Structures are given as C-alpha cells and as structure tokens.
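These are my notebook entries on a structure that I examined element by element. I began with the terms and then turned to the helices, the sheet and some single residues.

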Amino acid sequence: MQRYSGKNVLISGGGSGIGHAICLRLAAEGANIILIDKDLKGGQTVEQELKQQDTKALFVQADITSEADVEKVHKEATLFFGTIDVLVNNAGGAMFVKPPEKLRPEEWNAAIALNLTSVFLCSQAVAQYMMNQGGGRIVNISSVAGMRLSPSFVHYGAAKAGVINLTKSLAVCW
C-alpha cells in the first residue's frame with residue numbers, strides 16, 4: 001500500500017525545483033496533489049505531468065506572500081478535494097546575493113515575506129481546519145542557511161532561522 005494513498009497534499013512552490021520533485025514523489029506514494037506556484041507555466045506543466053501519471057492534481061496560481069491569495073488557495077483546495085491532509089511549505093529562495101550593508105528595506109521585506117511569512121500564512125490557513133478534521137501534517141522546508149552564517153545571504157538565513165523557530169513554536173501550539 002502506498003503511504004499517502006487518498007491523502008490530499010498541498011505543496012507550495014510546486015511548479016519547479018524541489019517543489020516539483022516533492023509533487024512527483026508524493027504522487028508516486030498515492031497522494032492527490034494541490035500545487036501552488038506564482039509561475040503559471042511551471043504550475044500548469046507540473047499539473048499536466050501529474051495528471052498524465054493518473055494523479056488527481058490541481059494547480060492554483062497564487063502569491064503566497066499575500067493573505068488574500070492564501071485564502072483563495074485554501075478555498076479552492078477544499079472545494080476541489082474536500083480536505084487537506086498535508087501541507088508542505090516549500091516555496092522560498094535566496095532571491096539575490098548581497099552584503100547586508102547594501103540590502104534595501106524592500107529587499108529585506110520581500111525575502112522575509114517569501115521565506116517566512118508565507119510559511120506562517122499557509123500554516124495558519126490550514127491549522128484550524130486540520131484540527132477540526134482530527135489531524136493533519138504540516139511540513140516546513142528550511143535550509144542549512146538558517147543554522148549557519150551566510151554573509152551574503154543574511155536576509156535568507158534570517159528568514160530560514162525563523163522558519164525553524166516557527167516550526168517548533170507551532171508544533172507546541174498545535
């Protein structure tokens with residue numbers, strides 16, 4: 001029996017890279033996939049690839065740094081699948097290489113929004129729902145940059161360290 005047979009899995013950043021690989025792996029384990037990505041073409045391509053492998057899949061184009069978009073994703077996912085059993089907060093990225101003295105506040109804010117705030121927003125959107133249905137799983141993807149110094153990636157490292165702490169805190173709360 002496949003480990004995720006019949007489970008509905010929501011994956012942020014599923015349209016490319018690690019997120020794409022997560023979609024394929026969980027689909028191979030029997031999961032139904034809801035993939036979120038900002039990139040329309042990437043998301044549609046992965047959705048089609050999953051469907052060609054007889055996986056029930058739904059792509060939702062969204063900016064997960066936006067609370068309104070996250071609410072839209074949650075609504076579409078629950079309408080399409082009925083439940084969300086697993087959330088994989090995968091979306092993120094270093095965005096750029098820059099020493100801290102050259103970072104502009106808007107660059108800092110964008111990095112924190114993509115790599116940390118999005119994890120909080122997506123987790124918050126599904127948490128109460130999962131508690132009401134009797135359980136679920138939230139998997140947050142961080143980085144070694146959250147544990148080690150990254151002089152040209154202070155924005156990314158700080159956000160990923162935040163993901164590590166947020167994960168521990170939410171585990172205690174929920």
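**Entry 1: terms and basis.** I call a residue buried under 20% relative accessible area, exposed over 50%, and partly exposed in between, with a 1.4 Å probe and protein chains only. Helices (H or I, at least four residues) and strands (E, at least two) are DSSP runs, numbered from the N terminus. The model is predicted, and local features need pLDDT of at least 70, side-chain atom pairs count only at pLDDT 80 or more, while totals for chains, interfaces and linings use all residues. Residues are numbered from 1 along each chain as its sequence is written, and side-chain values use heavy atoms, with hydrogens and water left out.

**Entry 2: helix α2.** I looked up which residues of α2 are buried, and found Gly-42, Gly-43, Val-46, Glu-47 and Leu-50. They lie on the same side of α2, because they cover an arc of only 130° around the axis; the arc is that of the directions from the helix axis to the C-beta atoms. An α-helix has 3.6 residues a turn, so residues three or four places apart point the same way. Lys-41 and Gln-52, on the other side of α2, are exposed.

I then asked what covers the buried residues of α2. The cover includes α1 (17-28), β2 (32-37) and β3 (57-61), where contact means heavy atoms within 4.5 Å.

I also checked the length of α2 (residues 40-52): its 13 residues should span 18 Å at 1.5 Å a residue, and the end C-alpha atoms are 18 Å apart, which agrees. The expected span is 1.5 Å times one less than the number of residues.

At the start of α2, I noted that a side-chain oxygen of Asp-39 comes to within 3.4 Å of the backbone nitrogen of Lys-41. After α2 comes Asp-54, with a positive phi near 65°. Asp-54 is not a glycine, and I placed this residue in the loop between α2 and β3. Its relative accessible area is 75%, so Asp-54 counts as exposed. Most residues other than glycine have a negative phi, and most peptide bonds are trans.

**Entry 3: the sheet.** In what order do the five strands of the open sheet stand? I read the order as β3-β2-β1-β4-β5, with parallel pairing; two strands pair if DSSP finds at least two bridges between them. β3 and β5 (137-140) are at the edges with a single partner strand each, so one side of each has no neighbour in the sheet. From one strand to the next, the twist averages 15°.

Strand β1 (residues 8-12) is joined to β2 by five bridges. I located two of the partners: Asn-8 is bridged to Asn-32 of β2, and Ser-12 to Ile-36 of β2. Six of the six residues of β2 are buried. Asn-32, Ile-34 and Ile-36 point one way from β2, whereas Ile-33, Leu-35 and Asp-37 point the other way.

α2 packs on this sheet, touching β2 and β3, and its direction makes about 175° with that of β3. Axes here are lines fitted to C-alpha atoms, for helices over the stretch in contact, and angles run from 0 to 180 degrees between N-to-C directions.

**Entry 4: two residues in detail.** Gly-42 belongs to helix α2 and is buried at a relative accessible area of 10%.

His-20 sits in helix α1 and is partly exposed, with a relative accessible area of 22%. Not counting residues up to four places away in sequence, His-20 touches Gly-13, Gly-14, Val-46 and Glu-49.

**Entry 5: helix α3.** I turned last to α3 (residues 67-81), whose 15 residues reach 21 Å from first C-alpha to last, close to the 21 Å expected. Its buried residues are Val-70, Val-73, His-74, Ala-77, Thr-78 and Phe-81. These cover an arc of only 120° around the axis, which puts them on the same side of α3. Ala-68, Lys-75 and Leu-79 are exposed on the face turned away. β1, β2, β3 and α4 (105-132) are among what covers the buried residues of α3.

Technical notes. A polar contact is a pair of N or O atoms within 3.5 Å; within protein, one must be able to donate a hydrogen and the other to accept it, and residues adjacent in sequence count only if both atoms are side-chain atoms.
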